[in-house]
Amino acid sequence: MKKVFIKTYGCQMNVRDSEAVTALLRERGYGIATTETDADIILLNTCSVRDLAEQRAVGKMNGLAHAKKKAKSGLILGYMGCMAQSRGAELLKSPAVNLVVGTQRFHHIPDYLDQLVAGKKSVVDVADEAGSESAVKHHEPGKVTAFVSIMQGCDMACTFCIVPATRGAERSRGIPEIVEEIHKLVDTGVKEVTLLGQIVTSYGRKKSEFVKLLTAVNAVSGLERIRFTSPHPQGFGDDLVAAYRDLEKLCEHAHLPAQSGSDRILKLMRRGYDRAKYLKIIEKLRAARPGIALTTDIIVGFPGETEEDFAATAELLREVQFDQGYIFKYSKRRDTPAATMPGQLPDAVKEERNQAALEIVNAAALCHNTRLIGETVGILVDGRSTKGAKRMLGRTRTNKIVIFDGYERQAGQLLPIKIERATTVALYGNE
Ligand code: SAH
Ligand code: F3S
């Protein structure tokens, strides 16, 4: 039996895609290797959002190619995901690479591997496929939390972003098939689902369609918690804000990628909102669900970003006091409008602003977490933590990681945990 190892880079969509391919390969009779040294086939599921992610995958592949050549082994190597989509056949330049599969063709990987195992030298498939948004539906067993893909692609045109080029136009699955998938997951023990897509708030394209989906998922009995990612701030209309008040399974956490606090930069980014509108959404969410946790994405060093623009971003971070924030240094992406804008900034400036933004974000995160010391929080136990033998890991409804001494059998349980210690990224406590 040939064994496959999939290494995943980038976002939760990629994690989900890798899982679906793993499940399909298992069904086809392939073994799943737990380490790459144990594998006959290694696939890299790549990310293109920033250059660093691409470089990491290319560096990894070069290392694997070198080892393959040296050992004269029959190792099969492949790229899948966003970088495979945007670079296509160019990736076959390395003769050690056998497979390149784009973002709409994942479900054909078992067929392509069968062909490669039978002796074919290489396969490239980066075609579009109508209906492919419904192809990512296979799951691995034994999970407490599951990702469910509800839509693919993005029709926005943020000037820094490569995603519309790698994931294609928006395509949504129907509510009945999504709900059916969630029912099946609940039957296998899943307690929490995260609805996934590149811009989930555009689900179904029509106004309120996403809220209709949330309402339908909320009605699935046996399901405890609902999350979603990634939304767009523009999608937080009054209907979605009300859903945070009305749907008891919808967890009190919203990820609102701000990208910048400067109106001038937001316009150059073509984000479709300004600072005032963004802050208004935050205010409405906090009013609808007091205690809601808020997280964000910020890009520092966008072309033409002045000290004043960055100061406006820093001010936004201080004002909102996010529970967590992800700061990215602007990275030039091929064929995006921002890549050729004037005022590209040196890395030293980006790095300095990155550090400054991180300090604000970390201080706010620590402050939110420290406030929970001495409190008892409800968590859903996900499984074992990587931090030690008896350490188990769960999450609060606000999506904070909680690590505690416990037992494997507690996975899937909702437990009260008394918090004793806090860092910027996790809470520690005991039952
Ligand atoms: N809604 C999308 C967001 C795309 S990528 C999704 O999650 O699929 C996630 C984050 O990466 C963005 O919110 C943005 O902050 C960051 N990002 C995207 N393009 C970038 C670029 N060219 N340089 C730096 N950061 C970028
Ligand atoms: Fe990218 Fe903007 Fe869509 S960040 S994924 S183009 S909403």
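**A conversation about helices, ligands and backbone geometry**

Q: Where does lysine 72 lie?
A: In this predicted model, lysine 72 lies in the loop between helix 2 (51-71) and strand 4 (76-81).

Q: What is the phi of lysine 72?
A: Lysine 72 has a positive phi of about 45°, although it is not a glycine. Most residues other than glycine have a negative phi.

Q: On to peptide bonds: which residues are joined by a cis peptide bond?
A: A cis peptide bond joins threonine 229 and serine 230, with omega at about 0°. Most peptide bonds are trans.

Q: And where does serine 230 lie?
A: Serine 230 is in the loop between strand 11 (225-229) and helix 8.

Q: What does the side chain of serine 230 have to do with ligand 1?
A: An N or O atom in the side chain of serine 230 is 2.9 Å from an oxygen atom of ligand 1.

Q: How many residues surround ligand 1, and which are the closest?
A: Ligand 1 is surrounded by 14 residues, and the closest are Gln198, Ser230, Gln259, Asp297 and Ser331.

Q: For glutamine 198, which atom of ligand 1 is involved?
A: A nitrogen atom of ligand 1 lies 2.6 Å from a backbone N or O atom of glutamine 198.

Q: What about glutamine 259, backbone or side chain?
A: The side chain: one of its N or O atoms is 2.7 Å from an oxygen atom of ligand 1.

Q: Which residues surround ligand 2?
A: The residues around ligand 2 are Cys154, Met156, Cys158, Phe160, Cys161, Val163, Pro164, Ile199, His232 and Arg271. By class, this shell divides into eight nonpolar residues, one polar and one charged.

Q: Changing topic, at what angle do helix 7 and helix 8 pack?
A: Helix 7 (residues 209-218) and helix 8 (residues 238-246) pack at an angle of about 20°, and their axes are 9 Å apart. The two helices, helix 7 and helix 8, are therefore roughly parallel to each other.

Q: Is that crossing of helix 7 and helix 8 left-handed or right-handed?
A: The crossing of helix 7 and helix 8 is left-handed.

Q: Which residues meet there, between helix 7 and helix 8?
A: From helix 7, Phe210, Val211 and Leu214 meet Asp239, Leu240 and Ala243 of helix 8. This contact has five nonpolar residues, no polar residues and one charged residue.

Q: How far apart are the axes of helix 8 and helix 10?
A: The axes of helix 8 and helix 10 (residues 275-288) are 8 Å apart, and the helices pack at an angle of about 30°. That angle makes helix 8 roughly parallel to helix 10. The crossing of helix 8 and helix 10 is right-handed.

Q: Which residues make the contact between helix 8 and helix 10?
A: Asp238, Val241, Tyr244 and Arg245 in helix 8 meet Lys284, Leu285 and Ala288 in helix 10. The contact of helix 8 with helix 10 has four nonpolar, no polar and three charged residues.

Q: Lastly, how do the axes of helix 11 and helix 12 cross?
A: The axes of helix 11 (residues 307-320) and helix 12 (residues 347-370) cross at roughly 15° and come within 9 Å. Helix 11 is thus roughly parallel to helix 12, and their crossing is right-handed.

Q: And which residues of helix 11 and helix 12 meet?
A: In helix 11, Glu307, Phe310, Ala314, Leu317 and Arg318 meet Arg353, Ala356, Ala357, Ile360 and Val361 in helix 12. The contact of helix 11 with helix 12 has seven nonpolar, no polar and three charged residues.

Definitions and conventions. Residues are numbered from 1 along each chain as its sequence is written. Chains are lettered from A and ligands numbered from 1 in the order in which they are written. This is a predicted model: local features need pLDDT of at least 70, side-chain atom pairs count only at pLDDT 80 or more; totals for chains, interfaces and linings use all residues. Side-chain values use heavy atoms; hydrogens and water are left out. Axes are lines fitted to C-alpha atoms, for helices over the stretch in contact, and angles run from 0 to 180 degrees between N-to-C directions. Helices (H or I, at least four residues) and strands (E, at least two) are DSSP runs, numbered from the N terminus. Angles under 35 degrees count as roughly parallel, over 145 as roughly antiparallel, 65 to 115 as roughly perpendicular and the rest as oblique. A crossing is left-handed if the near helix is turned anticlockwise from the far one by less than a right angle, and right-handed if clockwise. Contact means heavy atoms within 4.5 Å. Ala, Val, Leu, Ile, Met, Phe, Trp, Tyr, Cys and Pro count as nonpolar, Asp, Glu, Lys and Arg as charged, and the others, Gly among them, as polar. A residue is near a molecule or strand if one of its heavy atoms lies within 4 Å of it. A polar contact is a pair of N or O atoms within 3.5 Å; within protein, one must be able to donate a hydrogen and the other to accept it, and residues adjacent in sequence count only if both atoms are side-chain atoms.
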